[in-house]
Amino acid sequence: AANHEATRVLFFDVRGVPHAARFLEGISAARTYGHRALLIADETDFVLVHSPPDPAYVSYLNSFGLGPEEAHVLVVSAADREFESVPGRYGNGALKDLAAGLKAEGVEECILVPYIHHQSFNELAAGLREEAGVNVAYPERAIDPAYRYSSKAEGRKLAGQLKIPLPEGILLEADAGDIARVVPQRFSPGKALIIKGIWGESGTEVTKLAAGWNRESLSEELLAWWDRDCPLIIEEAIEDHLATNVMLHVCEKSGAIEIIGITDQLIAGGIRHVGNAFPTRSAWKPEITEASINMAGVLRDEGFCGYAGVDFMETLPRDDVSSRYYFLEVNPRVNASRHPLLVMRKLNARRRPQGKPEIDAFLDLSFPVEAMSFGEVRDLLAGDVFGPQSGCGIILYSPSFASAGSLALLVLGQTEQDLKRLRDSVSGKLSSAGVLRSS
C-alpha cells in the first residue's frame, strides 16, 4: 500500500461500471462514492472526486497517518455540472489543476488507479500526458476483461471451466412470462429462490422469493422489478451460510497475484451487503484461495491487472450434513473489503517497528442515520475514536455518505470482544442522540 514506484492518481468513478445507469439513478451517495479513495490514499497520492469532501475529514485522516495532502484532493467537474450516469470527458479544470500539481512537485511519472478499468481513463491519460507533459501509466489491455467479467454469467462460466463448485441455478434470457413458466420445471416451490441480473448491483437488483411460491407469485415478483433487457441468474437460496470475499491484486508489471485478505461479508435479509468482517470464519480458506488465484490467473492472461474480488458462499454444517463451498461471482474492480484491509495493513506497518500490538480484527459497518455532517458525527463518536497506542477504535469511512443517511465506519481492534464493545458503543450513542433510523 506504500512505497510506490510512481505518484498515483486515484479516481473511483462508479460510472465506469457496466450498466451502471440504473444503479446510480436517484442515489445521492453515487456522487460522493469517490471519497472512499481518500481512506486508502498515501500522502503523496492525488485523488480526484466528483464533489468536494469536508476539509476537516482530510485533516482527520491525516491525523492517523492516512489520506493525501489536502492540496492533492481535486474536484473533477465544475459545481454547476450535473453528475452524469455514464462516463464522459472529464472537466478541463480538474485536468489543468492536476497537471499543475504534478508539475509543481516535479512528478515525471504517474499511475492512474480507477475503481474499474474503463475506456474513459484512456482519454484522461491522454489529456494528462498532453497537459502535464508526464508519463502516465494506464493499462488499456485491462479494459476488455474488466468489462467481460463484470457479468455474473461470464464469471459462472469461467468457474465451471475451472471446476470450481457452483450453486444449483440457471441462467435465463427470456421475458418475465417465459421465466415464470421455466422456473417451476427446475426448482421446487418448497425452496426459496434468489433472483439476480447478471450485472448485479451494477444495474439490476437482487431479490429473494420466499419458499411456497407459485407461478403467479413468481410472475408478480419479476414484473415488479425486472423491466430491463438483462439475463437473469436464478438459484436456490441457502439459508444457513457464510459469505466470503477473497480480495486480491494482479501486478501490472510482473503479473504476480497477491492475496490481500479474506473477509466475511455481513448480509442483511439474505441478499443485501452491509459490511465486512476480519478475520474470516471460513472453513475452506485453502480451497477458496486456490480457486481465486486460478481465476485471477485467467483474467491476467486476458490482460487484466489491478484489484479484484472473488465472492464465495459456504454452507454451515448442520446435523449430519457437512459444509460445502460455492463460487458466487468475480468482481474485477475495487471491492468494499479492499479499503479496511489496506488501512489495517498500513497501520500495522507503522505499529510493528514500534513494538505496538498489531490490529488483528476489524468490522466495516454502515448505520442508517438521519442526515449528519462530518463534524456532528466526529463529535458524537469522539470517545470511540481509534487510539494509536491501543490499536482499537473507529475511523470514519466515507462520512459524506452520512449526509445521505448512511454512516460508514471502520471498527479496529485485536479481538472480537474489542469489536463488539465498540460496535455496541457506537450504536448506543447514535440511538441516544435520536439519529439512528430503523432498517
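## Basis

Buried means under 20% relative accessible area, exposed over 50%, and partly exposed in between, with a 1.4 Å probe and protein chains only. This is a predicted model: local features need pLDDT of at least 70, side-chain atom pairs count only at pLDDT 80 or more, and totals for chains, interfaces and linings use all residues. Residues are numbered from 1 along each chain as its sequence is written, and side-chain values use heavy atoms, leaving out hydrogens and water.

## Aromatic pairs

Rings of Phe, Tyr and Trp (its six-membered ring) pair if their centres lie within 6.5 Å; planes under 30 degrees apart count as stacked, over 60 as edge-to-face and the rest as tilted. The count by this rule is twelve aromatic pairs. One of them is Phe-121 with Tyr-138, stacked at 5.6 Å centre to centre with 25 degrees between the planes. This pair links distant parts of the chain, 17 residues apart. Phe-121 is in helix α5 (residues 120–132); Tyr-138 is in the loop between β5 (135–137) and α6 (143–148). Helices (H or I, at least four residues) and strands (E, at least two) are DSSP runs, numbered from the N terminus. Both Phe-121 and Tyr-138 are buried.

Phe-278 and Phe-362 are also stacked, 5.5 Å centre to centre and 15 degrees between the planes. Phe-278 lies in strand β12 (residues 272–278) and Phe-362 in strand β15 (residues 361–368), so the pair ties together parts 84 residues apart in sequence. Phe-362 has 0% relative accessibility and therefore counts as buried.

## Cluster and charge

Tyr-57, Tyr-60, Phe-64, Phe-374 and Phe-386 make up one aromatic cluster. Elsewhere, Arg-338 lies over the face of Tyr-307, 3.8 Å from the ring centre. The rule asks for NZ of Lys or CZ of Arg within 6 Å of the ring centre and within 35 degrees of the ring normal.

## The sheet

Eight strands form an open, antiparallel sheet in the order β14-β13-β10-β11-β12-β15-β17-β16. Two strands pair if DSSP finds at least two bridges between them. The edges are β14 (325–331) and β16 (393–396); each has a single partner strand, so one side of each is left without a neighbour in the sheet. Four bridges join the antiparallel strands β12 and β15. Phe-278 stands opposite Phe-362 in β15.

## Helices on the sheet

Helix α10 (residues 285–301) packs on the sheet and touches β10 (241–250), β11 (257–268), β13 (306–315) and β14. Contact means heavy atoms within 4.5 Å. Helix α11 (residues 338–351) also packs on the sheet, touching β10, β11, β12, β13, β15, β16 and β17 (406–413).

Methods. Axes fitted to C-alpha atoms, helices over the stretch in contact; angles between N-to-C directions.
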